[in-house]
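Trainee: Before I rely on the terms used for this model, I would like to go through some of them and hear what each one rests on.
Mentor: Then let us look at it together and take the terms in turn.

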Amino acid sequence: MQNEHQIFGIRAVIEAINAGKEIDKVFIQKEAQGDLMQELMKTLKKNNVNFSYVPVEKLNKLSKFNNHQGAVASIAPIKFVSIETLVEGVLEQKEKPLFLILDQLSDARNFGAIIRTAECTGVDGIIIQKQGSAPVNGDTVKTSAGAVFNIPICKVDHIKDAVFYLQGSGITTVAATEKTENNIYDIDFNKGIAIIMGSEDKGVNPSVLKIIDEKAKLPMFGTISSLNVSVACGAFLYEAVRQRL
């Protein structure tokens, strides 16, 4: 079965994937078994579809009056673009593009808030990882105030792949991290830049920090040592805007 944003039932999810539906994420009941479930898992892995195991209570809440049979898929309200299409298309039009990479940001509302700010600050595209990232769902759309429909979003297998591709395209990568002495206001954003923001709890992955070009942090004067990721992202993006004015 299906509504505007979700598909319920194992067979329905399999058919949707095979039909090329833009599936954002599939929620699988923990410890669910059976031949049909095994077929679903093979289909998910073959097509590299983002999925996670959840308690049955989560599926019951998602499906309400629909029989989920242990699987609920979230349909993306947008069509994702490839990194090649995104970067090449932008570079044909701009000398100093501004990209945003979200390294496994998991909260849909934070994601939506960041998309809204990114659209307001002229970000040319957002890059996320297929596995472990927040879904593009109703909460994302609402929190973004519809900005999700106005900015290209790209999914990649691994964030490091995106970093290498951008660097190979002449884009400087800058990670927001407290693990540096460099201040955000000492970084040159007035060129082709990709800003990398990390997850809410762990920040930018250490393996990603090893390969990026620059690291930068925001000055902090209070007793709390960190900002909400959407707030921090806004500070980085508006510093880029300030330098480009």
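Trainee: Where does Glu 239 lie, and what makes Glu 239 count as buried or exposed?
Mentor: In this predicted model, Glu 239 lies in helix α9, which covers residues 229–244. Its relative accessible area is 4%, and because buried means under 20%, Glu 239 is called buried.

Trainee: How do you know that the side chain of Glu 239 makes a polar contact with the side chain of Arg 242?
Mentor: The distance given for the pair is 2.7 Å, and the cut-off for N or O atoms is 3.5 Å, so the pair qualifies as a polar contact. Leaving out residues up to four places away in sequence, Glu 239 also touches Ile 184, Tyr 185 and Phe 189.

Trainee: Why is strand β9 described as largely enclosed?
Mentor: Strand β9 spans residues 193–197, and five of its five residues are buried, so the rest of the structure largely encloses it. Ile 193, Ile 195 and Met 197 point one way, whereas Ala 194 and Ile 196 point the other way, and all are buried. In a regular strand, side chains alternate between the two faces of the sheet.

Trainee: What makes β5 and β9 a pair of strands?
Mentor: Pairing requires at least two bridges, and β5 (residues 98–102) and β9 have five, in the parallel sense, so they are called paired. Within this pair, Phe 99 stands opposite Ala 194. Strand β8 (residues 172–176) also pairs with β9 in the parallel sense, over four bridges, and there Val 174 stands opposite Ile 195.

Trainee: Which residues of the largest nonpolar core touch the most other members?
Mentor: Of its 37 residues, Leu 100, Phe 111 and Ile 126 do. The largest share of this core, six residues, is supplied by α9. Beyond its neighbours within four places in sequence, Ile 126 is in contact with several residues, including Leu 100, Phe 111 and Ile 153.

Trainee: Why are β1 and β3 said to stand at the edges of their sheet?
Mentor: The open sheet has four strands in the order β1-β4-β2-β3, with mixed pairing. β1 (6–8) and β3 (51–54) each have a single partner strand, so one side of each is left without a neighbour in the sheet. Strand β2 (residues 23–29) runs parallel to β3, joined by four bridges, and the bridge partner of Ile 28 in β3 is Tyr 53.

How values were computed:
Residues are numbered from 1 along each chain as its sequence is written. This is a predicted model: local features need pLDDT of at least 70, side-chain atom pairs count only at pLDDT 80 or more; totals for chains, interfaces and linings use all residues. Side-chain values use heavy atoms; hydrogens and water are left out. Buried means under 20% relative accessible area, exposed over 50%, partly exposed in between (1.4 Å probe, protein chains only). Helices (H or I, at least four residues) and strands (E, at least two) are DSSP runs, numbered from the N terminus. A polar contact is a pair of N or O atoms within 3.5 Å; within protein, one must be able to donate a hydrogen and the other to accept it, and residues adjacent in sequence count only if both atoms are side-chain atoms. Contact means heavy atoms within 4.5 Å. A nonpolar core is a set of buried Ala, Val, Leu, Ile, Met, Phe, Trp, Tyr and Cys residues joined through side-chain atoms within 4.5 Å.
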